[in-house]
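Dear colleague,

I am passing on the structure we spoke of, together with some notes on its packing. Please look through it beside the text below.

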Amino acid sequence: MTDLGNWKNNAHGHKFIASFSGGKDGSLALYKSMKAGEALGLIVMMEEEGNRSRSHGMPPAIIQAQADSIGLPVYTAAASWAEYEKVFINLLKKAKKQHAEVLVTGDLDMPANGCWHDEVTKKAELKLAMPLWEMDHRQAVREFIDLGFIAIVVTVNLSLGMQEEDLGRTLDHEYVRELQNRGIDPCGEGGEFHTTVLDGPIFKYPVSVRKGAVLRDGDYAFLSLELN
């Protein structure tokens with residue numbers, strides 16, 4: 001079977017590093033992969049100034065608190081978009097030296113051809129595992145909630161039907177139905193929103209946070225979080 005055919009199962013029986021944003025998809029992929037293989041750590045990419053993670057906008061303290069509760073070390077680096085791929089590959093090579101064999105990501109809709117993660121893992125001589133690949137979006141979010149994960153919305157794209165009032169909402173079945181009624185993908189795969197996971201079956205204890213100010217950047221609004 002080709003690597004493509006194994007994308008959903010490549011973590012089985014292998015040591016892996018997981019691309020981790022702190023959000024729901026990465027957490028569900030990590031959960032599934034930890035059932036199948038051995039997790040060695042989390043890869044977290046930060047914006048160039050290093051003050052918050054890419055896309056989800058989380059400060060390093062929140063990411064570290066998640067990792068501490070999960071019980072895994074963090075492989076992290078800050079990079080501009082221009083340097084992103086180079087820095088990411090260097091982190092993969094660092095993980096490979098620590099005996100990682102596979103990179104796990106939480107992607108659902110990655111194309112079979114021209115997959116960026118497939119290209120960078122090959123450059124680092126790792127295999128790629130995407131346990132959520134081609135999963136139905138509603139099924140993925142239902143499974144996430146039913147497993148007992150707790151996540152809140154921390155980033156919204158105001159041009160895609162989301163509102164500032166969505167920030168801080170807990171991703172539960174009722175809210176998922178509301179999003180669908182508003183015509184929004186419940187997984188946010190179109191970039192509508194991002195989440196931060198605060199508890200769940202891979203966490204030894206909940207990450208306790210307090211909600212801070214709402215920050216605006218163009219079409220995006222971010223909810224600041226601080227540790228309690």
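This is a predicted model: local features need pLDDT of at least 70, side-chain atom pairs count only at pLDDT 80 or more; totals for chains, interfaces and linings use all residues.

Residues are numbered from 1 along each chain as its sequence is written, and side-chain values use heavy atoms, with hydrogens and water left out.

Helices and strands are named as DSSP runs numbered from the N terminus (H or I, at least four residues, for helices; E, at least two, for strands). Helix H4 (residues 84-97) packs on helix H5 (residues 116-123) at an angle of about 55°, and their axes lie 9 Å apart; the axes are lines fitted to C-alpha atoms, for helices over the stretch in contact, and the angles run from 0 to 180 degrees between N-to-C directions. H4 and H5 are therefore oblique to each other, given that angles under 35 degrees count as roughly parallel, over 145 as roughly antiparallel, 65 to 115 as roughly perpendicular and the rest as oblique. The crossing of H4 over H5 is right-handed, that is, the near helix is turned clockwise from the far one by less than a right angle. On the H4 side the contact (heavy atoms within 4.5 Å) is made by Tyr84, Glu85, Phe88, Ile89, Leu92 and Lys93, and on the H5 side by Trp116, His117, Val120, Thr121 and Lys123. Six of these residues are nonpolar, two polar and three charged, where Ala, Val, Leu, Ile, Met, Phe, Trp, Tyr, Cys and Pro count as nonpolar, Asp, Glu, Lys and Arg as charged, and the others, Gly among them, as polar.

Helix H6 (residues 137-146) and helix H7 (residues 173-181) pack at about 160° with their axes 10 Å apart, which makes H6 roughly antiparallel to H7. Here too the crossing is right-handed. Arg138, Val141, Arg142, Ile145 and Asp146 of H6 meet His173, Val176 and Gln180 of H7, a contact with three nonpolar, two polar and three charged residues.

Turning to the sheet, four strands form an open, antiparallel arrangement in the order S7-S6-S9-S8 (two strands pair if DSSP finds at least two bridges between them). Strand S7 (193-199) and strand S8 (209-217) stand at the edges with a single partner strand each, so one side of each has no neighbour in the sheet. Within the sheet, strand S6 (residues 150-157) is joined to the antiparallel strand S9 (residues 220-227) by three bridges.

Asn157 belongs to S6 and stands opposite Tyr220 in S9. At 6% relative accessibility Asn157 counts as buried (buried means under 20% relative accessible area, exposed over 50%, and partly exposed in between, with a 1.4 Å probe and protein chains only). Beyond its neighbours within four places in sequence, Asn157 is in contact with Met162, Gly191, Glu192, Asp219 and Tyr220.

In helix H3 (residues 60-70), the residues Ile62, Ile63, Ala65, Gln66, Ala67, Ser69 and Ile70 are buried, and the buried residues of H3 pack against helix H2 (24-36), strand S2 (38-46), strand S3 (74-78), S7, S8 and S9. Gly71, which follows H3, has a positive phi near 90°.

Finally, Gln98 lies in the loop between H4 and strand S4 (102-104) and, at 46% relative accessibility, counts as partly exposed. Not counting residues up to four places away in sequence, Gln98 touches Leu40 and Tyr75; Gln98 and Leu40 are 58 residues apart in sequence, with a C-alpha to C-alpha distance of 8.1 Å.
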